[in-house]
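Here is a short briefing to read with the structure open beside you. Keep the viewer handy and look up the residues as they come along.

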Amino acid sequence: MGASLAGLRAAETLRRRGYDGVLTLIGDERHRPYDRPPLSKQVLHGTWTPEQTFFRQKDGYDPLALDLRLGVRATSLDLRARRVTLADGTWADYDRLIIATGARVRPLPGIAPRPGLLGLRTLDDSLMLRDELERARRVAVVGMGFIGLEVAAACRSRGVDVVAVEALPVPLAPIVGPALGEMLVAMHADHGVDVRTGVTVTDVYGGSRVAGIVLSDGSRVDADVVVVGIGVVPNTEWLEGSGLTLDNGIVCDGSGEAAPDVYAAGDVACMANAWHGGSPRIEHWTNAVEQSVHVVEQMLGAPDRATGFSSVPYFWSDQYDRKVQFIGRARPHDEMLVVDGSIAARRLTALYRHADRVVACLTVNQPRALIKYRKLLASNTSWDVAVADATAT
């Protein structure tokens with residue numbers, strides 16, 4: 001397993017379902033499993049201590065009776081021997097294995113690591129960036145996905161100057177559409193972020209530590225800290241040659257099984273999703289929880305559970321005084337319709353249409369709408385019915 005959200009939830013579910021055998025939880029980080037969403041929010045803002053991110057603060061780990069191996073990385077998997085070899089020379093044999101090794105920050109291509117060039121994925125990353133922000137006056141954020149935007153918001157809340165760089169003409173347009181992508185840009189610009197779109201980073205300059213970045217339009221951006229948020233890479237290198245099918249993650253069926261008695265869950269898993277219609281690798285908190293529970297129920301042969309995994313993706317993002325929530329799957333050319341509120345007010349509910357179905361919903365500061373629309377999406381409601389329901393209330 002991995003000592004991540006998915007790994008821990010799998011362990012908890014196994015015990016809750018009555019499994020009383022040996023249960024080993026392995027993780028390459030020295031920390032016990034912790035919650036990642038607060039890393040770019042409360043921890044970075046300085047309103048939470050690191051300890052507040054840890055899971056099971058109330059219940060502790062004794063009830064789980066785990067063989068907990070932290071700070072040690074898995075290096076290889078032998079399917080025939082049913083053995084995971086670890087970096088410290090030890091190993092763990094298994095009857096059944098759940099792989100939840102997650103993902104890591106994608107680095108800037110061709111750029112060597114150096115002090116001041118940071119990513120944000122782990123608790124240590126968040127604490128390092130928080131310390132840097134105590135001294136920094138200028139920060140460059142590379143990549144205006146949701147993590148990048150949350151980092152920009154946290155920096156501005158501390159009074160740090162921010163230049164945000166994005167390769168796309170409109171950030172997040174493939175996910176939320178151009179109109180709402182432009183709304184997010186305007187929101188950050190109103191808070192003093194210098195937004196640069198349609199450009200990439202070609203170089204990082206500085207001596208012993210970073211001093212700034214060079215952009216593809218020839219401009220230079222001075223920065224005390226550069227935060228890279230251009231996506232993640234699934235942690236599958238240790239599985240090369242194992243016999244598992246690897247394709248931007250671990251390919252598995254709707255039960256989560258990648259090979260006999262070997263399962264995957266969370267950010268590393270490309271699990272068949274009946275609602276989605278494919279085998280996406282989804283990097284969302286709720287997906288990690290749902291997949292890990294589903295995998296355990298399939299492993300234990302629970303008779304009341306369907307074999308196939310089916311879930312409507314969901315994620316959220318906190319930026320300044322706005323909570324952005326998104327459910328479903330929107331494609332670049334899907335129709336978008338604001339059914340409540342307005343883009344100008346930055347408080348709204350928007351639905352997305354693909355063919356004759358409603359396929360996604362985005363809300364800004366309207367959290368109650370998510371409950372209703374997630375049910376509609378899960379039941380494959382038609383577009384006309386969803387719009388009629390929205391306009392009738």
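What follows covers the domains, one interface, the nonpolar cores and one serine. Please bear in mind that this is a predicted model.

**How the chain is divided**
- The protein chain splits into domain 1 (5–104 + 232–305), domain 2 (107–228) and domain 3 (321–391).
- Between the C-alpha centres of domain 2 and domain 3 there are 29 Å.

**Where domain 2 meets domain 3**
- On the domain 2 side, eleven residues are in contact with 14 residues of domain 3.
- Together the two domains, domain 2 and domain 3, bury about 1,000 Å² between them, and 74% of that area is on carbon and sulfur atoms.
- Three residues stand out here: L180, M183 and M187 supply 46% of the area that domain 2 buries against domain 3, more than any other three residues.
- D190 forms a salt bridge with R346, and their closest N and O atoms are 2.8 Å apart.
- Two residue pairs are in polar contact across the interface of domain 2 and domain 3.
- Both α5 (173–176) and α6 (178–190) supply at least two residues of the side of domain 2 that touches domain 3.
- Of these helices, α6 gives the largest share of that side, with seven residues.

- In general, nonpolar side chains tend to be buried together in soluble globular proteins.
- The largest nonpolar core in this model has 44 residues, and V139, Y352 and L362 touch the most other members.
- Helix α4 (residues 146–157) gives the most to this core, namely six residues.
- A second, separate core has 43 residues, including V84, I98, W238 and L244.
- Leaving aside residues up to four places away in sequence, V139 touches L133, C155, V160, D161, V162, V163, A223, V225 and V227.

**A closer look at S311**
- You will find S311 in the loop between α7 (285–299) and β21 (314–319).
- Is S311 buried or exposed? S311 counts as buried because its relative accessible area is 8%, and the cut-off for buried is under 20%.
- The side chain of S311 makes a polar contact with the side chain of E290, at 2.3 Å.
- Not counting residues up to four places away in sequence, S311 touches N273, W275, E290 and R374.

Notes:
Residues are numbered from 1 along each chain as its sequence is written. This is a predicted model: local features need pLDDT of at least 70, side-chain atom pairs count only at pLDDT 80 or more; totals for chains, interfaces and linings use all residues. Side-chain values use heavy atoms; hydrogens and water are left out. A nonpolar core is a set of buried Ala, Val, Leu, Ile, Met, Phe, Trp, Tyr and Cys residues joined through side-chain atoms within 4.5 Å. Buried means under 20% relative accessible area, exposed over 50%, partly exposed in between (1.4 Å probe, protein chains only). Helices (H or I, at least four residues) and strands (E, at least two) are DSSP runs, numbered from the N terminus. Contact means heavy atoms within 4.5 Å. Domain bounds come from an automatic or database domain assignment. Buried area is the accessible area (1.4 Å probe) that two parts lose on being put together, summed over both. A salt bridge is a side-chain nitrogen of Lys or Arg within 4 Å of a carboxyl oxygen of Asp or Glu. A polar contact is a pair of N or O atoms within 3.5 Å; within protein, one must be able to donate a hydrogen and the other to accept it, and residues adjacent in sequence count only if both atoms are side-chain atoms.
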